[in-house]
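Visitor: Can you walk me through this one? I'd like to go contact by contact.
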Amino acid sequence: MKSTNSESSFLEYLQLFVDCKTDQMVREINFAKNSFAISHLKKNDFFVKEGEVCQHFCFVESGILQHSILTDDEEKTSYLALRNSVTTSLNSFLFQKPSRKNIKAIADCKLWIVDLKTFKNLIENNKAFHQFYYNVIEKQICLIDDYRIDLLTLTPEERYKKLLATEPKLLQEVPLHYLASFLGISSRHMSRIRKNIN
């Protein structure tokens, strides 16, 4: 049976993080892909709300998921999951405890989701998925480390320029106020920075 475009994009993403040189690994990564189900979120729908338990790990095929927290009645963006990325409220998902953040669609989303039982079974019994997950987490830890250092060492202008160089998709696809929050600056300051740079 021929893969659809969406199946191909998810499979290609999985294969980015797995050494698929043997037939066994190819079979296992295909089995892992087939363990996920497709889900759709409309703009402003929640993947998980703060205080609720996150039920799924997902691959974002299309759309944008915003991770945010509410502090002093102000929504602050901690992460933006774009197309061709994986995300979840990991602490909540893995340990089945209330999420400390909201994850919300800020554009219509098509997701590939998997529940905890299936996820754990894949990690324990599917060598290809185990390799995929390890490599994805390793990459994310490095990115989070860089982001924290940037917040402490770079000016808002420098953070914006770095984002422009490394994540141009963010600047094209994400509304200004979400980007400003993600960079830790006000929307007004963000507008000034954009004018000065562009």
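Visitor: Lys162: how accessible is it, and what class does that put it in?
Guide: Lys162 has 33% relative accessibility, so it counts as partly exposed. The classes are buried under 20% relative accessible area, exposed over 50%, and partly exposed in between, with a 1.4 Å probe and protein chains only. This is a predicted model: local features need pLDDT of at least 70, side-chain atom pairs count only at pLDDT 80 or more, and totals for chains, interfaces and linings use all residues. Residues are numbered from 1 along each chain as its sequence is written, and side-chain values use heavy atoms, with hydrogens and water left out.

Visitor: Which side chain does Lys162 meet in a salt bridge?
Guide: That of Asp150, at 2.7 Å, N to O. The pair links distant parts of the chain, with Lys162 in helix α6 (residues 156-166) and Asp150 in helix α5 (residues 127-153), 12 residues apart. Helices (H or I, at least four residues) and strands (E, at least two) are DSSP runs, numbered from the N terminus. A salt bridge here is a side-chain nitrogen of Lys or Arg within 4 Å of a carboxyl oxygen of Asp or Glu.

Visitor: And Asp150, buried or exposed?
Guide: Asp150 counts as buried because its relative accessibility is 14%.

Visitor: How many salt bridges by this rule?
Guide: The count is 3. One of them joins Lys110 and Glu61, whose closest N and O atoms are 3.6 Å apart. Here Lys110 sits in strand β8 (residues 109-115) and Glu61 in strand β3 (residues 56-62), 49 residues apart. Lys110 and Glu61 are both buried.

Visitor: What about Lys104 and Glu75? How do their side chains meet?
Guide: In a salt bridge, 3.8 Å from N to O. Lys104 is in strand β7 (residues 102-105) and Glu75 in strand β5 (residues 74-81), so the pair ties together parts 29 residues apart in sequence. Lys104 is buried at 13% relative accessibility. Glu75 is partly exposed at 35%.

Visitor: New topic. What is the volume of the second largest pocket?
Guide: About 190 Å³. Among its 13 lining residues, Glu74, Glu75, His177, Ser181 and Ile185 are the closest to its centre.

Visitor: How is a pocket defined?
Guide: On a 1 Å grid over the protein atoms alone, a pocket is an open set of points where a 1.4 Å probe fits, with protein on both sides within 12 Å along at least five of seven lines; lining residues have an atom within 4 Å of a point. The volume is the space filled by probe spheres set on the points, which are joined across faces, edges and corners.

Visitor: Which elements each supply at least two residues of that lining?
Guide: β5 and α8 (176-183). By class, the lining has 3 nonpolar, 7 polar and 3 charged residues. Ala, Val, Leu, Ile, Met, Phe, Trp, Tyr, Cys and Pro count as nonpolar, Asp, Glu, Lys and Arg as charged, and the others, Gly among them, as polar.

Visitor: How many disulfides?
Guide: 0. A disulfide needs a pair of cysteine sulfur atoms within 2.5 Å.

Visitor: Why is Cys54 too far for a bond?
Guide: Because the closest cysteine sulfur, in Cys58, is 8.0 Å away. Cys54 is buried, with a relative accessible area of 0%. Cys58 is also buried, at 0% relative accessibility.
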